[in-house]
Amino acid sequence: MTMSAARRRLYCLLLAVGLYGLLAPATRADEPKPDPAGIATGDKTTVVDAAGNSFAVPAPTDKNSPDYPKNKKDFDDYQSQAAKEPLAVKLADSVGHIRIATNFAWTLNTGYLVLFMQAGFALLTCGLVRKKNAGHLMMLNFAAYVFAFLAYYAVGYAFQFGAVAVNAAPGNLGGIPTLNQYLIGSGQWGFLGGKGFFLAGPAYDAGSNCLTLFEVVFMETAGYIIVGAICERITFWAFLLCELFIGAILYPVFGCWVWGGGWLSQIGSTLNLGHGYVDFAGSTVVHAVGGFCAMALAVILGPRLGKYGKDGKPRAFPAHNLVYVVTGTFILLFGWMGFNPGSTLGATDLRISVVAVNTNLAAVAGSAAALLLWYFMFGKPDVTMACNGMLAGLVAITAPCAFVSPTSAVVIGVLAGILVCLGVLFNERVTKIDDPCGAISVHGFCGWLGAVCVGIFADGTYGSGWNGVGATSYLGHPGQGVTGLIHGDSRQFLCQLGGATLCALWAFGATYIVFSVVNKIKPMRVSPEVEREGLDVPEFGMQAYPEDAVVTVE
Amino acid sequence: MKRIDSIIRPQNLDSVKEHLTAIGVEALTITEVRGFGRQKGHSEFYRGAEYAVDFVPKLMLTILAADNRVDEIVKAIAAGARTGKMGDGKIFVTPLDEVVRIRTGEVGDSAI
């Protein structure tokens, strides 16, 4: 049956509109060009001194600004000086390139450290479960990396950073001017990025790829957190769906709101709430998203068989290998040296040393607090809780690490160490949400705590101009950075409280809605027989620790 | 012929072996077992949940003996395994119908 003339015309029109929509942005003359070979990134415009003052003075554009006469004079002075010293200007181009190169090296290498955390988490969670599920745990951690990465490559990165140049251009990496469009939202009210799908076109750029590598391993961290709560009873196919969901939607959406220049980062200027929502390296963007997603999945799946007796009392399933648990925790600590300091996206930001020290202090304070608290409560220090305490401290310091003093880091670590212990007992005994590795307490609860701690302990020594607020002066002080309640900024505290809570609601709610539907269509939990036997053989056809095979020698 | 099974504490294996070697017993088999008797286990806490460690690891020694040697072997094992505390273990002696040495095909006492 042939198409009617009217329908044919409609299809032609739609095709034309579609092609225009696809090609036009790339062909507009004023669109920045991507730099896949890295030969056009970094020049005299990216040269700054230690305080962040630019070498090259840009031409002032806002003729109505009160500073216009001064800016115009500065620009004219620069132009005339540049004309007198052409070699210096050429040298500045090299300096700018080297600065960007330094920061690329920093960002990529700290990203590799974060990648190594995958191994740490795999060991940690595998050690915490029963021997019959060791292969299953390892496969979950492994497949998490593989499939979430592919989802993030396809759409996740574009959703999260497709519009980063609008409000949050990473100057340390050259700005990535090509990623400048929202799919949903615009200006300071962006909700979802819209450029860089499949890392093609505007994302096929050296600076963008540097950011991609760094950000994908952060997404992976959120992806593997859920393993800790859903293990020993989730089917592999359902798990893959979870990972695709996290990599494509759950993580990138909130990530766009906070790090992609989206609306939550802008409420400092749009709603006068401090510097907007601040999360330096991802207590909420990464850890709380993972932790509360894990909580929703654990609720849907239900507790492991035999976890709760008829009287409702929890039963212990002791870890099968404490060696893995401790080794895994140390690897995570080591990787966190990439996670937190790396989040400056540049070695030229010398706050990295303070970040590194704060991170370690919170880690050890968290572990000590958890260990001592548990000792007082139960009479013996629990190895697994000491490890969870360290991780809790690390999770909680992840948001405030750049904005607080070392002593505040210790306090934050202690608070997290206490919270994780109470959280584990709370879930074990009160909510009865079965969480084999404590993922909900370590990452969910302590992630929320970390973001709130920014709003309490930030002391204003760093972060001047964060999220575009207070670049010249803040709260009456020039150069004042992100500030918390203790140092006089109550609006920042409210902003942090609201944003962190929103993160928990988003991660739990979206996951619960989507996967309740999935579970109704096809149950995500293995059958009781499989669960009793252990998932290694029924799911993967092999054991992590096979009995010595009887081999005939020919 | 008799079969002598003994359940002993794992840490007393060396002592029992010495006593047995001293009386000329040159063959025995060990199995790792778990069990409890009057010694009982104890309870521990793991991440807030109480659990019972009921089954205590032990070793089971299996020795074959000609009828006339049973008494001295039982005494040797007991001497090596006794600490005086609860959990020292037990020795059971059961009759054996047949023993065959696989390499040579010998049967009976000469196969022990």
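How many residues of chain B are in contact with residues of chain A?

Author: Happy to. A word on the model first: it is predicted, so local features need pLDDT of at least 70 and side-chain atom pairs count only at pLDDT 80 or more, while totals for chains, interfaces and linings use all residues. Residues are numbered from 1 along each chain as its sequence is written, with chains lettered from A and ligands numbered from 1 in the order in which they are written.

Now to your question. Six residues of chain B are in contact with 12 residues of chain A, contact being C-beta atoms, placed from the backbone, within 7 Å. On the chain B side, the elements that give two or more residues are strand S3 (42–46) and strand S4 (49–53); strands are DSSP runs of E of at least two residues, helices runs of H or I of at least four, both numbered from the N terminus. That side of chain B divides into four nonpolar residues, one polar and one charged. Here Ala, Val, Leu, Ile, Met, Phe, Trp, Tyr, Cys and Pro count as nonpolar, Asp, Glu, Lys and Arg as charged, and the others, Gly among them, as polar.

The C-alpha atoms of chain B fill a box of roughly 60 × 30 × 20 Å along the principal axes. Its radius of gyration is 17 Å, whereas a compact globule of 112 residues would have one near 13 Å; the radius is taken over C-alpha atoms, and the globule rule is 2.2 Å times the number of residues to the power 0.38. Buried residues make up 16% of the 112 residues in chain B, where buried means that 20 or more other C-beta atoms, placed from the backbone, lie within 10 Å of a residue's own. Among contacts in chain B between residues at least 6 apart in sequence, 70% join residues at least 24 apart.

For a view of chain A, turn to helix H10. In H10(A), 19 of its 19 residues are buried, and the helix bends by about 25° at A:Val289, the bend being the angle between axes fitted to the seven residues ending there and the seven starting there. After H10(A) comes A:Gly302, with a positive phi near 85°.

Terms used
A residue is buried if 20 or more other C-beta atoms lie within 10 Å of its own, exposed if 12 or fewer, and partly exposed in between; C-beta atoms are placed from the backbone. Two residues are in contact if their C-beta atoms, placed from the backbone, lie within 7 Å.
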